[in-house]
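Here is a short briefing on one protein model and its ligand. Look at the sequence and structure first, then work through the points below.

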Amino acid sequence: MTEDGTVLSSSPRASHPLRLAAILVMLAAGPATAADAEHGKVVFQACASCHSERPDAIGPSLRGVLGRKSAALEDFRYSNPMKRANLTWDEINLREYVIDPQAKVKGNRMPYGGLHDPNDVDDLIAYLKVLK
Ligand code: HEC
């Protein structure tokens, strides 16, 4: 990962044969394809510029976010709408939030329009599950 979070521009090409192999394996396994946490890590680069572990990060840390209560980190100043949201970040709530942050928590301060490709959402959630 680079400092500015733009990252991995070379890696999709480098890992192409492996990804192709993974896709073939999933196709062979049938339509219920497993979400791909490796690709989720790439999708997460869109989040990582704000959700880093740096003390001056714009967003709260997302390590261990799966199962966490909303607005639970002591060292982050959440907006009032987020403080009042009273959610648990389970898979369903996280999904709805990343697809349309303003619809899920009206007035929250995350400056992000939402993720629209359903496969990207699946893969991102798979990655967040293992982000500890
Ligand atoms: C431009 C900066 C920015 C980007 C990009 C961004 N976020 Fe956020 N995020 C924030 C901020 C700021 C908050 C706090 C919002 C508030 O308090 O209203 C937040 C809050 C959250 C929360 C709630 C965390 C908690 O502790 O309750 C989740 C979950 C989250 N973001 C997920 C994501 C995901 C997943 C992505 C990428 C798809 C993403 N964010 C992209 C800035 C960002």
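Predicted model: local features only at pLDDT ≥ 70, side-chain atom pairs only at ≥ 80, totals over all residues.

**Helix α6**
- Helix α6 covers residues 91-99, and its buried residues are Leu94, Tyr97 and Val98.
- Viewed down the axis of α6, these buried residues fall within an arc of 90°, so they line one face of the helix.

**The nonpolar core**
- In soluble globular proteins, nonpolar side chains tend to be buried together.
- The largest nonpolar core here has 14 residues.
- Those with the most contacts inside this core include Leu94, Tyr97 and Val98, along with Phe44, Leu124, Tyr127 and Leu128.
- Helices α6 and α8 each supply at least two residues of the core.
- The largest share comes from α8, with five residues.
- Leaving out residues up to four places away in sequence, Tyr127 touches Ala37, Gly40, Lys41 and Phe44.

**Around the ligand**
- There are 28 residues around the ligand, and those that come nearest are Cys47, Cys50, Gly59, Ser79 and Asn108.
- Helices α4 (45-48), α5 (80-85) and α6 are the elements that give two or more residues to this shell.
- Which element gives the largest share of the shell? Helix α6 does, with three residues.
- By type, the shell residues divide into 21 nonpolar, six polar and one charged.

Definitions and conventions. Residues numbered from 1 in each chain as written. Buried ≥ 20, exposed ≤ 12 C-beta atoms within 10 Å, placed from the backbone. Helix = DSSP H or I, 4+ residues; strand = E, 2+ residues; numbered from the N terminus. Arc of directions from axis to C-beta. Near = placed C-beta within 6 Å. Nonpolar A, V, L, I, M, F, W, Y, C, P; charged D, E, K, R; others polar. Core = buried A, V, L, I, M, F, W, Y, C linked by C-beta atoms within 7 Å. Contact = placed C-beta atoms within 7 Å.
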